[in-house]
Amino acid sequence: MPYGLLSDTRDYWVRDFMPIQLSPDAYLQYVYTPDYLRDSAAYRTDGAVCFEKLNLPDVRVTKTDVVLDGGNVIKCEDSVIMTDKIFYENRNYDKVVLMNELERCFGSDGVVRRGKGACLDWAGVCPKCFLKAL
């Protein structure tokens with residue numbers, strides 16, 4: 001994938017707001033309105049707008065209305081690791097319905113949750129190693 005400067009961002013943590021790569025040609029676009037930025041709209045970046053500017057014609061984007069912070073997601077081959085914060089930020093969802101939506105979005109047989117509200121901003125940590133530690 002080519003790299004370059006991403007314009008019109010208000011936050012330098014692109015992992016938080018940009019779509020999550022599911023496979024070489026598939027991405028998940030979610031709603032990025034984390035609780036810590038709800039009163040600070042000036043620092044929120046719309047990942048969908050930034051992603052569209054990349055003009056990647058050969059990719060598929062799955063969209064969801066689930067609120068999450070991409071920095072709190074570790075996508076493995078067949079599972080996803082995230083925190084219980086997903087339930088707090090999506091109180092409008094029934095827990096079972098939310099889990100079903102996450103499984104639909106990520107194409108995973110299992111969504112693994114670990115830790116109450118703990119941050120999983122694990123840039124550089126091997127997901128397989130993390131799973132072994134569970």
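**Notes on the model**

1. Aspartate 65 is in contact with Val31, Asn90 and Tyr93, leaving aside its neighbours within four places in sequence; contact here means heavy atoms within 4.5 Å. Aspartate 65 is found in strand β3 (residues 60–67). Helices (H or I, at least four residues) and strands (E, at least two) are DSSP runs, numbered from the N terminus. The side chains of aspartate 65 and tyrosine 93 are joined by a polar contact of 2.4 Å. A polar contact is a pair of N or O atoms within 3.5 Å; within protein, one must be able to donate a hydrogen and the other to accept it, and residues adjacent in sequence count only if both atoms are side-chain atoms.

2. On provenance: this is a predicted model, in which local features need pLDDT of at least 70 and side-chain atom pairs count only at pLDDT 80 or more, while totals for chains, interfaces and linings use all residues. Residues are numbered from 1 along each chain as its sequence is written, and side-chain values use heavy atoms, with hydrogens and water left out.

3. Aspartate 65 is partly exposed, with a relative accessible area of 48%. The terms are set as follows: buried is under 20% relative accessible area, exposed is over 50%, and partly exposed is in between (1.4 Å probe, protein chains only). Aspartate 65 and tyrosine 30 are 35 residues apart in sequence, with their C-alpha atoms 5.9 Å apart in space.

4. Asparagine 90 is found in the loop between α3 (85–88) and α4 (95–106). Is asparagine 90 buried or exposed? Its relative accessibility is 1%, so asparagine 90 counts as buried. Not counting residues up to four places away in sequence, asparagine 90 touches Asp65, Val66, Val67 and Leu98. The side chain of asparagine 90 also reaches the backbone oxygen of isoleucine 86, at 2.8 Å.

5. The overall composition is as follows. The protein chain has five helices and six strands, and from the N terminus on its elements run α-β-β-α-β-β-β-α-α-β-α. Of the 134 residues in the protein chain, 38% are buried. Among contacts between residues at least 6 apart in sequence, 68% join residues at least 24 apart.

6. Strand β1 (residues 20–23) and strand β2 (residues 26–31) run antiparallel and are joined by three bridges; two strands pair if DSSP finds at least two bridges between them. A hairpin joins β1 to β2 through two residues, and serine 23 stands opposite alanine 26 in β2. Aspartate 25 lies in the loop between β1 and β2 and is partly exposed, with a relative accessible area of 34%. Aspartate 25 touches Asp58, Val59 and Arg60, not counting residues up to four places away in sequence. The C-alpha atoms of aspartate 25 and valine 61 are separated by 8.6 Å, although the two residues are 36 apart along the chain.

7. A second hairpin joins β4 to β5 through three residues. Strand β4 (residues 73–75) and β5 pair in the antiparallel sense over three bridges, and lysine 75 stands opposite valine 80 in β5. In a regular strand the side chains alternate between the two faces of the sheet. From strand β5 (residues 79–82), Ser79 and Ile81 point one way and Val80 and Met82 the other way, and all are buried.

8. Rings of Phe, Tyr and Trp (its six-membered ring) pair if their centres lie within 6.5 Å; planes under 30 degrees apart count as stacked, over 60 as edge-to-face and the rest as tilted. By this rule the count comes to two aromatic pairs. Phenylalanine 17 and tyrosine 32 form a tilted pair, 6.2 Å centre to centre with 50° between the planes. Phenylalanine 17 lies in helix α1 (residues 14–17) and tyrosine 32 in the loop between β2 and α2 (47–53), so the pair ties together parts that are 15 residues apart in sequence. Both phenylalanine 17 and tyrosine 32 are buried. The ring centres of tyrosine 27 and phenylalanine 51 are 4.9 Å apart and their planes are at 55°, so this pair is tilted. Tyrosine 27 in strand β2 and phenylalanine 51 in helix α2 are 24 residues apart, and both are buried.
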